[in-house]
Amino acid sequence: MAGLYMNQHVLNNLFYILVTIFAFSFIYDHSRAIRQRPLYGRALLGICLALAAVLCMKFPIYMDPLCVHDFRQIPFLLGTLYGGGAVGAVLFVVLMLARTVLYGFQPLTLIVYAIMFAIAAAASPLFRKLPRPSKLVMSLWLTFLLAVLTTFVAVMIADFPVTRPYIAYFIIMPPFVMMFAVYLMETLHEAQLARAELMKMEKMQIVSQMAASISHEIRNPLTVVKGFIQLMQTGRLPRETEERYIRIALEELERAEAIIRDYLTFAKPAPKETEPIDVATQLQKVLQMITPMAHMHSIHVSSSLEHGVVIGNVQYFQQCFLNLLKNSIEAMPNGGTLHVAAENRGASVVITISDNGVGMTKEQVRRFGEPYFSTKEKGTGLGAMVAVKIIEQMGGTWTIESAVQKGTTLTITLPASRVGPPTAEQSAVG
């Protein structure tokens, strides 16, 4: 029964030490002010370990009827080694005051802990510079040597009786407890550093994704402008055609300006207005934008567009299908046929984009729309990602059927709206 009682208090002392170490790590990790000011960090360390030391004294280890011991030296040494002489001095004062209040003043205790403080404070600068394996070894041997030294001093001054329980719980066990406590402190510190580094990497990834997304989105309207300018350089065009090309080029430059404006206000985006969109009209505009690029790749573009109305943002709708059609054209480096169809099917408008390009594997189909995944060598995957997100925001769904070297068919289903019937001008499209 006595053995069970003694072991219970050993575990209690260990519990106090471990809980205060975890408390220090948790508070330090979740308080920016403490992390930014080393003085606050040392103060927190001193408070937590002082609490552990006082609890160890309040609930000690009863080794025999004449000898009571505890693990107060563990938090005392931890605080001095990690916090330096200042933290160690505070812990020393707290230990002496608590010892006096709980058990009365004992000169031998003052001498023993003064020796521990002096040696630990002197070793602190070297200890903090060491890597974790060296810290573990140093903490083990330093605690053992201090236990032997202070026992020798106690025997010389007060003829202190050295019993087997004393050797077990004051000389042999504390070094291993100290080494485990240092290991825990180092592990928690490394976890904090890893978490901070992960957060930094995530922020850098967001910046990188933002930069790649901006360049990708701006490239689309600039490609259209470049295509029309190249067509105008090929020879003398009718005045009406030149004006139409110039108008479309200016619209694309305005689109690029709008994209830049949207990204500049990314931190606080304004809500986009939605309106009825005639699918045939807007798809026809997108096809006009993409035609110069298709001609440069020797691609024949055909369409079969039924009028249907969906609810969404016109700019986003055009950007979505501009991205998808551009991907289809780039999937046919040796030329081919691109077909776009729009069909009313009851409560839905179904848009189909078909090409006879290089196609995709099942794995590529599965990852379609993921950022930074692309079948193109220099692609970012952001165009498909933006398109998929716009489709989902409009309440639509999409499916892909593809075979390698045979082509791809992308089917987009959007909820139809009965608002705003097509005008006479819209009826002329197709």
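Begin by selecting Arg-132, which is partly exposed at a relative accessible area of 25% (buried means under 20%, exposed over 50% and partly exposed in between, with a 1.4 Å probe and protein chains only). The model is predicted, so local features need pLDDT of at least 70 and side-chain atom pairs count only at pLDDT 80 or more, whereas totals for chains, interfaces and linings use all residues. Residues are numbered from 1 along each chain as its sequence is written, and side-chain values use heavy atoms, with hydrogens and water left out.

Glu-190 lies in helix α7 (residues 164-233) and Arg-132 in helix α6, so the pair ties together parts that are 58 residues apart in sequence. Helices are DSSP runs of H or I with at least four residues, strands are runs of E with at least two, and both are numbered from the N terminus. Glu-190 is partly exposed, at 36% relative accessibility.

Next, select Lys-135 and Glu-186, whose side chains form a salt bridge at 3.1 Å, N to O. This pair also joins helix α6, where Lys-135 lies, to helix α7, where Glu-186 lies, over 51 residues of sequence. Are these two partners buried or exposed? Lys-135 is buried at 7%, and Glu-186 is likewise buried at 7%.

**A surface patch**

Now select Phe-144, placed in helix α6 (residues 132-158). Together with Val-137, Trp-141, Leu-145 and Val-148, Phe-144 forms a nonpolar surface patch of about 460 Å² accessible area. Such a patch joins nonpolar side chains (Val, Leu, Ile, Met, Phe, Trp, Tyr) within 5 Å and like charges within 9 Å, using residues with over 30% relative accessible area and no salt bridge. Accessible areas come from the Shrake-Rupley method with a 1.4 Å probe.

Move to Lys-326 and Glu-330, a salt bridge with its closest N and O atoms 2.8 Å apart. The two residues are four apart in helix α10 (residues 314-330), about one helical turn. Lys-326 is buried at 7%, whereas Glu-330 is partly exposed at 25%. The structure has seven salt bridges by this rule.

**Aromatic rings**

The whole structure contains nine aromatic pairs; rings of Phe, Tyr and Trp (its six-membered ring) pair if their centres lie within 6.5 Å, and planes under 30 degrees apart count as stacked, over 60 as edge-to-face and the rest as tilted. Select Tyr-16 and Phe-59: their centres are 6.0 Å apart and their planes at 45 degrees, so the pair is tilted. Tyr-16 lies in helix α1 (residues 2-30) and Phe-59 in the loop between α3 (38-58) and β1 (61-64), so the pair ties together parts 43 residues apart in sequence.

Then select Phe-76 and Tyr-113, an edge-to-face pair with centres 5.7 Å apart and planes at 75 degrees. Phe-76 belongs to helix α4 (residues 73-103) and Tyr-113 to helix α5 (residues 107-129). Phe-76 is buried at 1%, and Tyr-113 is buried at 6%.

**The whole model**

Definitions and conventions
A salt bridge is a side-chain nitrogen of Lys or Arg within 4 Å of a carboxyl oxygen of Asp or Glu.
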